[in-house]
Every structure is written in C-alpha cells, then in structure tokens.
Amino acid sequence: NSSWHLGGFCFGDGQDGNEAGRLAVHVRWQGRQALGEMGPVYLAGFEGHKAWQAAQERWASSSCQEKMALASDTRRLGEYSRQISYFWFPVRIVHGEQRDWHFALLACGDVEKAHLELTVEATRGALSVFEANTNFDSSSCPVAPSWLQQASSETVFWGMMAGVLLCGSCCVVLVVLGGAWSNRQKPLMKWQQDSELVIGKPCSDAPHADVVEGKTKKSDDLVKAQPEEVDETMPV
C-alpha cells in the first residue's frame with residue numbers, strides 16, 4: 001500500500017450544485033500490464049473543508065482503504081480505458097463555496113514496477129494551485145481584499161469621493177448663508193406687520209388730524225355739507 005500527495009487547486013463558488021471547476025487527468029504508463037488489471041490504483045480527491053481535514057490528521061499512518069473511505073471522490077486508473085500506455089479522462093468539481101481540493105495517488109495492492117506519469121490539469125474554475133506535499137494545514141484560496149484596499153488603487157473612486165465632499169461643503173455653506181439672510185429679513189417683516197394702514201390723503205397734505213388717523217369726517221359734517229332740500233311740490 002502506497003500513497004502520494006499530488007498537490008491541488010482552489011476552486012471558486014459552485015452554488016446550487018453547479019460545476020465549480022473541471023480537470024483533465026493524463027496517465028502515461030510504461031508497464032507490460034494495463035493499470036486496470038493491477039492494484040488497484042486510484043486517483044483520490046479530498047475537498048478542503050471536511051474530507052481533507054479528517055484525512056490529513058492521519059495521512060502518514062492511515063492505510064490505503066482508510067484514505068479512500070475519507071476521500072470525496074475516487075477514480076480507478078485504467079478501469080474504463082482500452083489503451084495501456086496513455087489515456088486521459090475528465091473530472092468535474094462540484095461543491096458550494098470556494099475551497100481547496102487535494103489530490104492523491106493511492107496504490108492499494110501489488111503493482112508492477114514501471115514508470116507512471118500522472119498529470120492533473122485544471123481546465124476551468126481554478127483560482128490557485130499548490131504543489132505536492134504543501135498546504136496540509138492552510139488554504140491556498142485567495143482572500144478577497146477589503147473595499148478600502150480595492151478602492152485605494154482606483155483613481156475614479158477617489159475622484160468621486162472628492163466630488164461628494166465638495167458638493168456636501170457647498171450645501172452646508174448655502175444653508176448657513178440662507179439662515180443668515182432669513183434672520184436679517186425678520187425685523188423688516190415685523191415692522192411691516194406692525195404698521196397701520198392709513199386711509200385718506202398723505203400726511204403732508206392732510207388738513208385734519210382725523211384723516212391722518214385713518215378716520216373719515218363725522219356724519220354731522222357731511223350733513224352740513226349737503227345742499228338744502230327744495231320743496232318741489234306744486235301749489236294747488
């Protein structure tokens with residue numbers, strides 16, 4: 001029983017059971033017998049959240065069968081291939097949020113001693129890659145920068161911020177000036193409200209104080225000013 005950690009990749013989000021990534025696995029074998037007739041030999045994949053957490057704690061001491069039981073998925077090499085020296089097959093990566101995937105070659109039985117070349121290539125969805133026997137306890141997935149770090153490199157963002165600050169300052173100045181102008185107009189408006197409406201001639205031309213005070217002449221004066229009534233009755 002032998003095992004080899006091959007490294008792995010970080011794949012992005014694959015919500016709702018969608019495909020998060022895709023691999024192309026190439027196998028070159030120089031033995032006399034087909035790989036599918038020996039071993040068996042497996043390519044095992046461990047997703048980084050649960051499966052690899054459990055497997056890496058006992059990676060050096062666990063058996064091939066124990067590693068296979070903890071793997072997220074396995075593929076027996078040469079099981080469906082008619083070719084002996086070279087074959088390849090695709091692998092779909094399906095998971096939720098972004099995470100690492102570790103891959104390992106497991107030989108769970110007797111295998112002919114011959115040259116074996118295994119290439120695992122990410123053809124879609126990989127955000128990062130890590131080498132064999134690395135990242136056992138850490139994630140290779142990129143950490144999203146904060147909005148401030150991302151904005152610090154954007155000149156358009158800082159231009160917009162300057163424009164917003166300038167507009168805000170202008171609004172404050174306009175409000176202050178408007179309040180000061182309103183306070184200056186209040187005494188004049190009060191004086192206009194307290195003033196009394198005068199009916200009659202202007203004060204300089206008024207012969208009587210009654211007119212200035214907004215009063216009309218007395219009714220007695222009006223009676224005196226009227227002409228005497230003339231009796232137009234014809235004598236009988």
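**Reading the fold**

Modeller: Helices (H or I, at least four residues) and strands (E, at least two) are DSSP runs, numbered from the N terminus. This is a predicted model, where local features need pLDDT of at least 70 and side-chain atom pairs count only at pLDDT 80 or more, while totals for chains, interfaces and linings use all residues. Residues are numbered from 1 along each chain as its sequence is written, and side-chain values use heavy atoms, with hydrogens and water left out.

Biologist: What share of the 236 residues in the protein chain is buried?

Modeller: Buried means under 20% relative accessible area, exposed over 50%, and partly exposed in between (1.4 Å probe, protein chains only). Here buried residues are 28% of the 236.

Biologist: How many aromatic pairs are there?

Modeller: Rings of Phe, Tyr and Trp (its six-membered ring) pair if their centres lie within 6.5 Å; planes under 30 degrees apart are stacked, over 60 edge-to-face, and the rest tilted. That rule gives seven aromatic pairs. Take tryptophan 52 and phenylalanine 136: their ring centres are 5.3 Å apart and their planes sit at 85 degrees, so this pair is edge-to-face. Tryptophan 52 is in helix 1 (residues 51–57) and phenylalanine 136 is in the loop between strand 8 (126–130) and helix 3 (147–152), so the pair ties together parts 84 residues apart in sequence. Tryptophan 52 is buried at 3% relative accessibility, whereas phenylalanine 136 is partly exposed at 24%. There's also one aromatic cluster formed by Phe9, Phe11, Trp101 and Phe103.

Biologist: And how many salt bridges does the structure hold?

Modeller: A salt bridge is a side-chain nitrogen of Lys or Arg within 4 Å of a carboxyl oxygen of Asp or Glu. The structure has six. In one of them, glutamate 19 meets arginine 92, with the closest N and O atoms 2.7 Å apart. Glutamate 19 belongs to strand 2 (residues 19–29) and arginine 92 to strand 5 (residues 86–94), 73 residues apart.
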